[in-house]
Amino acid sequence: MSSLVAVLVDGVAYGMLLFLSAVGLSVTLGLMRFINLAHGAFAMVGAYLAVVVVAAGLPFLLALPLVFVVVGAFGIAIERTAIRHLYRRSALEQVLFSIGLAFALGALANLIFGPQQQAIQTPAWLTGRVALAGLDITSYRLFLIAMGAATAIALIYLFEHTLFGARIRAAVDNRRAAEGIGIQVERLFALTFGLGAALAGLGGALSVEMLGLDPAFALKYLTMLLMVVAIGGAGSIEGSLLAALGLGTIDALFKYLLPEAGGFVIFGLLVAVLLVKPAGLKGRAA
Amino acid sequence: MTAALATTALSVRFGAFQAVRDVSLSVRAGARHALIGPNGAGKTTLVHALTGSVKPAAGRILIAGEEATGRSEAQRVHMGLARTFQINQLFRNLTVLDNVLLAVLERNRRTAVFWRSVRNDRAALDEARSCLAFVNLLALAERPVAALPYGSQRLLEIAIALAARPRVLVLDEPAAGVPAAESAAIFERIHALPASLTVVFIEHDMGLVFRFAERITVLVAGQILTEGTPAEISADPRVREVYLGRRGDHAA
Amino acid sequence: MSALNPASHGGLSKPALPFSPVTPLIFAALIASYFLFPNHLALATQILVLMIFALSYDLLQGHAGIVSLGHAVFLGLGAYGSAILARWGFTDPLLGLAAGASISALVALVLSPIVVRGSDFTRLLVTLGVASLIHEAANRMRDLTGGADGLADFEVAPLLGLFAFDFEGRTAFLYALTVFALVYAALWRVTTSPFGLALRGIRENSRRMPAIGSPVARHLAVSYLLSGAIAGVGGALLAQTSRFASLDMLGFERSAEIVMVVTLGGTGHIAGVSIGAAAFGLVKDALSTVSPRYWQLGLGVVLMASVFLARGGIGGLIERFGRFGRRA
């Protein structure tokens, strides 16, 4: 019983990582209608950056905001130079560009760091175990859950209760009308894209300890990220959160209870959800 | 006698907005039936609902007495209901002939054939050419559509619909955007259609409506205001008020 | 999409040239390579398989307008299908091709209802998700597929009972060349058939199609089925000529690769896609023996650049030269 709870905690922690890495993808898809298959690569960039700066002596907790800012800036730079020209292009062209970007970043990682797994040095208080209500839980898992929950609350607040959020929702709803009332949609897009990239970078940095890191990272988790968006519905933060937590727990549960089922359950679930609700659980009807 | 096209209490909603409200329409076989009404009266939405590209919220649609309500747009074409579009919906990078040929082949259900050349289907080619001949476009058959003058593109809209060999043809502003001199030529072709073919058309030019329609239905705010012969409609003070009185608005 | 499509400018209505003028050049080059590079026939055979695979995907993306991130599934199924059949003792190569085509067509048939519906994004997801599912399944069914080790312990009987597969790969090359020629001709036939005209109609104006009574979803499903079957043939050929079937044949990288190959070759342009696939195969072989990492980096950069620069791909270039030639 207690091990089942431990598995659930594991699943929720994994779900939070998925949420952090995927929520930007969801928003860019919902807002800019841009299919960004390089989103996993942003997470990978954040992960390598965290590994490097922590190895150079920066404390883990300071590395996280640094990664957030740097990957965010990187995202804005790419959005301004290239991606903004692709918003009105076909899905195929968006896919080609973003897959090309993911390939190139993965190859760069391979050239710089080699194909081997990377490890990150986390502070002692995060590597220990915590006895909580009679359960023995890794403190890093709890840290992940707290980080994910805090980010989710901050994002929901940002989107629901600030002017920035209101502008984004207006632009998602009707771009032309939003431009008509003076919202600078271009700048909004760049900022949103940067925020999504920053969150992915943060998610990547937090992933290293739990999922490991190698140059294949960008593509390995892409399918999971896309599934979060597909099930949660493009453009929905709550949807992404629910989908990520659901996928994380289901994945952990089945790996524990029915290891031979492997990835079946998750991919089967994706196909089933898309069959029943093609726009995702919280998505707007197409 | 069974109506060629009929609706009972047809309603279409977009969210809270009711675009078409309780429309019951009956079009006699072989009729030349005009749908008129001010902009935003729901004429085009009604056409979309008739042809199946918009789902009605309530009501029924019958094509020659057959239930068509739940049928798809494509199935309704095979039941004998074809349409044209207010804004050209052509295959712009195909030739004029291929535009019509495609419609002939779809009607024949020959488009499942992937093992023979499309050029070997002599019967379909001949039929496509005769549709083009009817609208006087045969000379332009090998041109790509994109290179066609606008007026000819409007005629091609009709030729494509005719290739479906419809029993009922719905024309959504067949002369939209065409100069007055050419729009008469388009309506002359519509007038020349076989008498057995039922024609329903939307048109803003009252001169053309009164010249070519035998019956007129007036839509206002999604509802039928009245229906009658051209003489009855032109004498109806309500129609004058909502429509003819503001004719100037629609001259463009 | 259609504005980008070089095939839109040629057109069915000009049947004067039965094949693109480049077609004889392609086959002349392939036949010449048999005599000029007798020591590289294995590579040439692999490239022929890549060309077949590219043509199969072009039918889907270039002609039906369906973007898929999981097309390698059909290549892999074809490969496993023929390899497993051979392990069971049915070693006739043509039977293997038929089996590869059948199993891929069957899976395509089952999947088509979910692939045909939906937007480009849901299609990408569904194809990616299903590909991951099948990859996982093949990985799990070790008894049947050999898991991560793949299958290598099978024989292939002489072609037509006459031509044994020799060590130099002559039979394999000529066999692959023949299959490629048939696929090339078949694809050309499909795209110039009434069905091909309907596919062009869907790409040109998907809104008009139902208004002329077209069963759009069924057309797309049929093209998915045909495309899957041809990829299955390619996969069976790959397994037979390399004596190997493995998980990477149905992996994501292969699926992504074929999207690139077809796009760089020029979607919807049969000759362009064939040349593109051949060029891709050659460059990949040359560069990845030097450095696979630089190959991946270069590939990524070329892909990103292609979206901005090389619209229409190799096929687009052929069309432009063709028009120039006609004008001169």
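**Close-up 1. Leu5(B) and its partner across the strands.** Let's start with one pair of residues in this predicted model: Leu5(B) has Ile63(B), a residue of E4(B), as its bridge partner. The strands behind this pair are E1 (residues 5–14) and E4 (residues 58–63) of chain B, which pair in the antiparallel sense over 5 bridges.

**Close-up 2. The hairpin of E4(B) and E5(B).** Move along to the other pairing of E4(B): 2 bridges join E4(B) to strand E5 (residues 66–67) of chain B, and the two run antiparallel. Here Leu62(B) sits opposite Glu67(B) of E5(B). Together E4(B) and E5(B) make a hairpin, with 2 residues between them. Take a look at Ala64(B) in the turn, where phi is positive, at about 50°.

Close-up 3. Zoom out a bit and you get an open sheet of 4 strands in chain B, ordered E2-E1-E4-E5, with antiparallel pairing. Strand E2 (17–27) and E5 of chain B are the edge strands, so named because each pairs on one side only. Helix H1 (residues 43–51) of chain B packs on this sheet and touches E1, E2 and E4 of chain B. The direction of this helix makes about 65° with that of E2(B).

**Close-up 4. Val100(B) in the largest nonpolar core.** This core has 283 residues, and Val100(B) is among those with the most contacts inside it, along with Val228(A), Ala159(B), Ile52(C), Ala54(C) and Leu55(C). Helix H1 (residues 2–32) of chain A gives the most to the core, with 16 residues. What does Val100(B) touch, leaving aside its neighbours within four places in sequence? The contacts are Ala128(B), Cys131(B), Leu132(B), Ala159(B), Ile160(B) and Ala163(B).

**Close-up 5. Where chain B meets chain C.** The contact takes 36 residues from chain B and 29 residues from chain C. On the chain B side, helix H2 (73–78) and helix H3 (96–108) each supply at least two residues. H3(B) brings the largest share of that side, 8 residues. Sort the chain B side by type and you get 17 nonpolar, 8 polar and 11 charged residues.

Notes
Residues are numbered from 1 along each chain as its sequence is written. Chains are lettered from A and ligands numbered from 1 in the order in which they are written. This is a predicted model: local features need pLDDT of at least 70, side-chain atom pairs count only at pLDDT 80 or more; totals for chains, interfaces and linings use all residues. Two residues are in contact if their C-beta atoms, placed from the backbone, lie within 7 Å. Ala, Val, Leu, Ile, Met, Phe, Trp, Tyr, Cys and Pro count as nonpolar, Asp, Glu, Lys and Arg as charged, and the others, Gly among them, as polar. A nonpolar core is a set of buried Ala, Val, Leu, Ile, Met, Phe, Trp, Tyr and Cys residues joined through C-beta atoms within 7 Å. A residue is buried if 20 or more other C-beta atoms lie within 10 Å of its own, exposed if 12 or fewer, and partly exposed in between; C-beta atoms are placed from the backbone. Axes are lines fitted to C-alpha atoms, for helices over the stretch in contact, and angles run from 0 to 180 degrees between N-to-C directions.
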